[in-house]
Amino acid sequence: MTGEPNTRLSDLFGLAGWSKGELARMVNRRAAAMGHPQLATDTSRVRRWIELGESPRDPVPRVLAALFTERLGRVVTIEDLGFGRRGRVGKRREAGTQDNPDHLPWAPERTAAVLTEFTGMDLMLNRRGLVSAGAALAAGSAIAGPMHDWLHTDPVPATDAPRAGGPVHADPAGFDRYEAAPIGSEEIEALERSVEVFRAWDASRGGGLQRKAVVGQLNEVGGMLAYRHPAHLQQRLWGVAANLAVLAGWMSHDVGLEPTAQKYFVIAAHAAREGGDRPRAGEALSRAARQMVHLGRPDDALDLMKLAKSGSGEGVLPRTQAMLCTIEAWAQASMGRGQAMRRTLGRAEELFVSDKSDVPPPSWMQMFDEADMHGMQALAFRTLADHDPSAAVIAQQHAKRALELRAGGRQRSKIFDYISLASACFIADDPEQADTYARLALVSMGETSSHRTWDRLREMYRLTGQYAGYSRIEDLREEIEVSLPEQRAKKPRGKEI
């Protein structure tokens with residue numbers, strides 16, 4: 001007991017709208033259903049949790065997390081409730097502050113526990129057909145600051161780590177605890193192949209249709225990590241976890257589940273670092289930065305990109321560095337920093353052409369090819385064109401080149417290219433070409449489940465207003481208005497749904 005109010009629990013309790021007596025009764029009922037009929041929580045106990053910072057014993061934190069998850073329609077973890085964990089993890093609780101409420105970075109054994117718990121709660125929301133409720137995204141500095149020193153060093157095995165083949169303690173997620181068991185190289189190879197299948201599907205059709213499958217697979221891997229395998233297998237398993245967590249985050253971002261996406265990116269960075277893959281950890285953080293730019297928070301994106309670039313280590317390939325530079329440039333463009341953006345893109349081009357491909361790129365970088373390089377340049381110049389219209393012409397050049405180079409199976413990327421091209425044409429006062437490319441984007445959008453494409457389309461729709469007197473553009477505006485999903489039509493930039 002800290003003697004101080006648990007502000008995190010208090011805030012969630014206020015959002016849920018329960019009375020203390022109601023919450024006590026629900027805790028008792030849920031605990032009994034989980035096999036703990038002896039639990040007898042009352043109103044005074046709930047008051048002590050909230051007002052005096054008392055931490056309840058297991059299984060109460062898990063029960064509370066499940067209850068708040070169901071009530072609020074978004075994943076609520078034990079840490080979100082302001083409770084620490086027992087053992088080594090609990091000793092780190094004093095690190096949690098207003099600027100670092102999630103106690104970043106996590107201890108090695110805690111990463112698997114957080115992964116398993118979070119995915120379990122996410123799957124529970126999927127089963128009940130709930131959607132993400134309003135929740136604040138952590139600021140870029142709140143993630144980058146605490147993780148800076150940790151990411152710049154290599155992981156050190158814990159001195160009290162269990163022997164190879166022994167179980168590692170991980171808190172169960174929800175009610176469905178995965179029965180952990182050791183696995184071999186063949187199982188890990190199958191998991192690695194599944195990542196490639198999921199990644200290809202996401203690039204083609206968007207994140208909505210396969211997100212639940214990816215989260216479920218990640219939950220299974222979290223259970224596997226509850227065993228300490230031989231070092232070479234454990235490292236590969238952490239790599240699978242990192243790749244799946246990035247995909248889960250990217251798919252969540254693609255369908256507008258922004259706080260959920262950010263949590264997965266942080267989980268991915270931890271998993272990659274535990275596996276000794278600092279470049280992968282940096283790339284995971286760069287995804288969180290891209291999310292921030294999309295939501296209109298480029299300053300937070302730059303905080304994350306600073307850590308992503310410096311924390312990737314010396315072994316990062318030139319092509320990976322180029323990719324990181326393009327995201328930084330997009331953030332700079334969003335802030336109207338044209339000179340800085342051009343310098344950063346110039347550096348990206350130098351790095352990209354300097355990559356001799358003598359070292360095969362990691363699987364997670366194989367999607368970033370010359371087409372993607374031009375696509376990101378088009379996006380950066382098109383974004384800068386909001387501040388400097390002369391950039392629109394260059395944006396068109398890069399977008400056209402990206403479309404020429406796009407390989408099959410990259411439908412979502414093609415849609416983004418068409419929207420960038422159409423938007424740049426509108427800014428450059430070429431409504432006829434803009435109309436052509438906008439319609440090409442519209443034709444393809446029904447084939448994907450990506451909400452991000454609709455968000456970009458709304459930005460383009462805003463540009464059509466100045467051509468409202470043109471009959472073709474009037475028709476285009478009507479088609480866009482009919483096509484836009486109603487539930488997201490009024491979503492403001494930078495806000496969560």
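A residue is called buried when its relative accessible area is under 20%, exposed when over 50%, and partly exposed in between (1.4 Å probe, protein chains only). By that criterion Ser413, with a relative accessible area of 14%, is buried. The model discussed here is predicted, so local features need a pLDDT of at least 70, side-chain atom pairs count only at pLDDT 80 or more, and totals for chains, interfaces and linings use all residues. Residues are numbered from 1 along each chain as its sequence is written, and side-chain values use heavy atoms, with hydrogens and water left out.

Confidence comes first. The pLDDT, which is the predictor's confidence in each residue from 0 to 100, averages 84 over the protein chain, and 86% of the residues score at least 70. Over residues 129–134 it is below 50, and this stretch has 17 contacts in the model beyond near neighbours in sequence, a contact being heavy atoms within 4.5 Å. Residues 487–497 also stay under 50, with 30 contacts beyond four places in sequence.

On to the overall fold. The protein chain holds 20 helices and 0 strands; helices (H or I, at least four residues) and strands (E, at least two) are DSSP runs, numbered from the N terminus. Of the 497 residues in the chain, 57% are buried. Among contacts with a separation of 6 or more, 75% are between residues 24 or more positions apart.

On the H2 side the contact is made by Lys20, Gly21, Leu23 and Ala24, and on the H3 side by Thr43, Val46, Arg47, Ile50 and Glu51.

The loop between H3 and H4 contains Pro59, which is joined to Asp58 by a cis peptide bond with omega of about 10 degrees. Helix H4 (residues 60–72) includes Ala65, a buried residue with a relative accessible area of 0%. Apart from neighbours within four places in sequence, Ala65 is in contact with Val76, Thr77, Ile78, Leu81, Glu117 and Met121. Ala65 and Glu117 are 52 residues apart in sequence, yet their C-alpha atoms are 9.5 Å apart in space.

Further along the chain, Ser413 sits in helix H17 and, leaving aside neighbours within four places in sequence, is in contact with Asp372 and Arg406. In the loop between H17 and H18 lies Asp429, which has a positive phi of about 65 degrees although it is not a glycine. At 54% relative accessibility, Asp429 counts as exposed. Helix H18 (residues 431–445) has 15 residues and spans 21 Å from its first C-alpha to its last, close to the 21 Å expected at 1.5 Å a residue, where the expected span is 1.5 Å times one less than the number of residues. Its buried residues include Pro431, Asp435, Tyr437, Leu442 and Met445. Among the elements covering the buried residues of H18 are helices H16 (391–405), H17 (411–427), H19 (451–463) and H20 (471–483).
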